[in-house]
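Please look at the sequence and the structure before reading the points below.

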Amino acid sequence: MSEEPDPEPAVNISGGPDGGGAAAEFDPAAADTRAEAVVDRLGELYWTKTYGGRDGFECLVRTILSQNTSDVASQPAHDALIERYGGADADLADALADAERSVLAETISSAGLYNRKSKTLIEVAEWVVAEFGSAAAFDAFARDGDPEEVRETLLSVRGVGPKTADCVLLFAGGRAGVFPVDTHVHRIYRRMGVAPADADHEGVREVLEADVPAAKCGFGHTATIQFGREYCTARKPACLDDPEACPLADLCEQVGVYPETGEVVDPAAAPEAD
Ligand code: SF4
């Protein structure tokens with residue numbers, strides 16, 4: 001049996017050595033809030049990535065490619081894009097701003113929605129070149145700028161939503177205290193009863209960033225996504241057939257999950273508990 005190389009470091013680190021952040025301790029028993037206890041439990045389940053220190057523009061490109069698709073599908077698209085447009089002497093933003101849309105679309109076809117994504121990538125690259133002059137200058141802004149300003153600036157660009165903006169802050173800036181909310185994070189913390197059942201993405205983000213210590217937010221984001229794929233999936237959460245199957249069951253209120261009937265609804269559609 002061949003062994004896959006494991007690119008993950010052996011310890012939990014939230015916040016990269018180049019981008020700030022700090023090593024975090026993961027002890028569910030010592031957590032101050034339920035949200036923190038959840039993240040700590042996830043810390044026992046999963047390997048962790050090191051955050052920060054990535055180039056901001058490449059991070060933006062990577063996150064746009066990953067929209068509505070899996071990492072398995074978006075990684076080859078990212079690699080093909082870098083191979084074609086990211087030569088050693090080339091500025092990636094310049095190269096993408098000048099790209100022929102059909103050629104870019106074909107290059108990233110494995111990521112799905114390639115027509116829309118190629119259009120967004122070119123528009124974002126044109127914006128970076130117009131506003132900052134180069135990808136390198138944008139990288140410096142994402143890394144060193146005021147986080148709120150970076151976030152607001154990114155959100156003003158068409159095709160860039162809150163999750164993409166937060167991923168740039170987290171992965172490029174290594175900003176502690178940023179807990180990007182994607183579809184898994186949005187579903188899981190409302191199911192658990194950690195966030196209100198009817199909270200939107202921003203509402204869930206506010207709860208998590210208030211309740212989870214800054215150094216653990218980055219880890220919490222990626223680990224929750226992994227947990228959402230493996231255990232608490234949208235249609236068939238692990239607890240549906242077997243209450244013992246979920247390692248977070250004791251921290252969860254199962255809002256909208258009904259093991260008695262096998263029914264699962266969005267937490268916002270679940271009748272309120274008395
Ligand atoms: S107990 Fe069920 S609903 Fe709660 S986190 Fe686990 S799998 Fe998800």
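The model is predicted: local features need pLDDT of at least 70, side-chain atom pairs count only at pLDDT 80 or more, and totals for chains, interfaces and linings use all residues. Residues are numbered from 1 along each chain as its sequence is written. The protein has twelve helices and four strands; helices (H or I, at least four residues) and strands (E, at least two) are DSSP runs, numbered from the N terminus.

**Overall composition**

- Of the 274 residues in the protein, 44% are buried. A residue is buried if 20 or more other C-beta atoms lie within 10 Å of its own, exposed if 12 or fewer, and partly exposed in between, with C-beta atoms placed from the backbone.
- Among the contacts with a separation of 6 or more, 68% join residues 24 or more positions apart. Two residues are in contact if their C-beta atoms, placed from the backbone, lie within 7 Å.

**The nonpolar core**

- In soluble globular proteins, nonpolar side chains tend to be buried together.
- The largest nonpolar core here has 61 residues. Such a core is a set of buried Ala, Val, Leu, Ile, Met, Phe, Trp, Tyr and Cys residues joined through C-beta atoms within 7 Å.
- The residues with the most contacts inside this core are F57, A93, I108, V124, V128, V168 and Y189.
- Helix α9 (residues 162-172) gives the most to this core, with seven residues.
- Leaving aside neighbours within four places in sequence, V124 is in contact with L60, I64, V157, G159 and V160.

- In helix α11 (residues 201-211), the buried residues are V204, R205, L208 and D211. Seen down the axis of α11, these fall within an arc of 145°, so they line one face of the helix; the arc is that of the directions from the helix axis to the C-beta atoms.
- An α-helix has 3.6 residues a turn, so residues three or four places apart point the same way.
- The exposed residues E202 and A210 are on the face of α11 turned away from its buried side.
- The buried residues of α11 pack against α1 (34-45), α10 (183-191) and α12 (214-230).
- In α1, the buried residues are A35, E36, A37, V38, V39, D40, L42 and G43, and they pack against α10, α11 and α12.
- The twelve residues of α1 should span 16 Å, and its end C-alpha atoms are 17 Å apart, which agrees. The expected span is 1.5 Å times one less than the number of residues.

**Residues in loops**

- G177 is in the loop between α9 and α10 and is partly exposed, with 19 other C-beta atoms within 10 Å.
- G177 and P213 are 36 residues apart in sequence, yet 6.9 Å apart in space, C-alpha to C-alpha.
- L113, in the loop between α5 (101-107) and α6 (114-132), has a positive phi near 45° although it is not glycine.
- Q254, in the loop between α12 and β3 (257-258), also has a positive phi, of about 50°. Q254 is buried, with 20 other C-beta atoms within 10 Å.

**The ligand**

- The ligand is surrounded by 13 residues, of which the closest are C232, P237, C239, C246 and C252. A residue is near a molecule if its C-beta atom, placed from the backbone, lies within 6 Å of it.
- The shell around the ligand has eleven nonpolar residues, one polar and one charged. Ala, Val, Leu, Ile, Met, Phe, Trp, Tyr, Cys and Pro count as nonpolar, Asp, Glu, Lys and Arg as charged, and the others, Gly among them, as polar.
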